[in-house]
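Student: Could you take me on a close look at the sheet in this structure and the helices that pack on it? I would like one connected explanation, please.

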Amino acid sequence: MRTLLVVDAANVVGSVPDGWWRDRHGAAERLRDRLPKYAEDGIPGHPGPLGVVLVVEGAARGVTSVPGVRVEAAAGSGDDRIVEVVAEEVGEAAVVVVTADRELRRRVEAYGAQCVGPRTVRAQ
């Protein structure tokens, strides 16, 4: 079964106080540009290749997909879009959600998704 990595852009970007709030769109693009590495190599416990979905919201909605990373722009809540993606994909793929948001974790785990923290995709 393939593995799909669903990344909560707002939560991962917000996990490090590096000035991301001055340029949310740029911060989401920088995150997106680091993700193809994980699509190819995988993450601990999930060897590559992986499907990768980056869910963006708010000022980051204009971020576009790149090879290896599909960007999903949430019309409203990013958390709600992540739950929708998980609901659509679970059963077709092993779904791993990258977030530290406890409520989002609870919601996606109810569908059978696994959760990992932001450091999983923030490693240098």
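Tutor: Happy to; let's begin with the sheet and then turn to its helices. This is a predicted model, in which local features need pLDDT of at least 70 and side-chain atom pairs count only at pLDDT 80 or more, while totals for chains, interfaces and linings use all residues. Residues are numbered from 1 along each chain as its sequence is written, and side-chain values use heavy atoms, with hydrogens and water left out.

The sheet is open and has five strands in the order β5-β4-β1-β6-β7, with parallel pairing. Strands here are DSSP runs of E with at least two residues, helices are runs of H or I with at least four, and both are numbered from the N terminus; two strands pair if DSSP finds at least two bridges between them. At the edges stand β5 (70–73) and β7 (114–116), each with a single partner strand, so one side of each has no neighbour in the sheet. On average, neighbouring strands are turned by 25° against each other, direction ignored. Angles run from 0 to 180 degrees between N-to-C directions, and axes are lines fitted to C-alpha atoms, for helices over the stretch in contact.

Now look at β1 (residues 3–8) and β4 (residues 51–56): these parallel strands are joined by five bridges. Val 7 stands opposite Leu 54 in β4. Helix α2 (residues 24–34) packs on the sheet and touches β1, β4 and β5, its direction making about 175° with that of β4. Contact means heavy atoms within 4.5 Å. Helix α4 lies across β1, β4, β5 and β6 (94–98), running at about 175° to β1.
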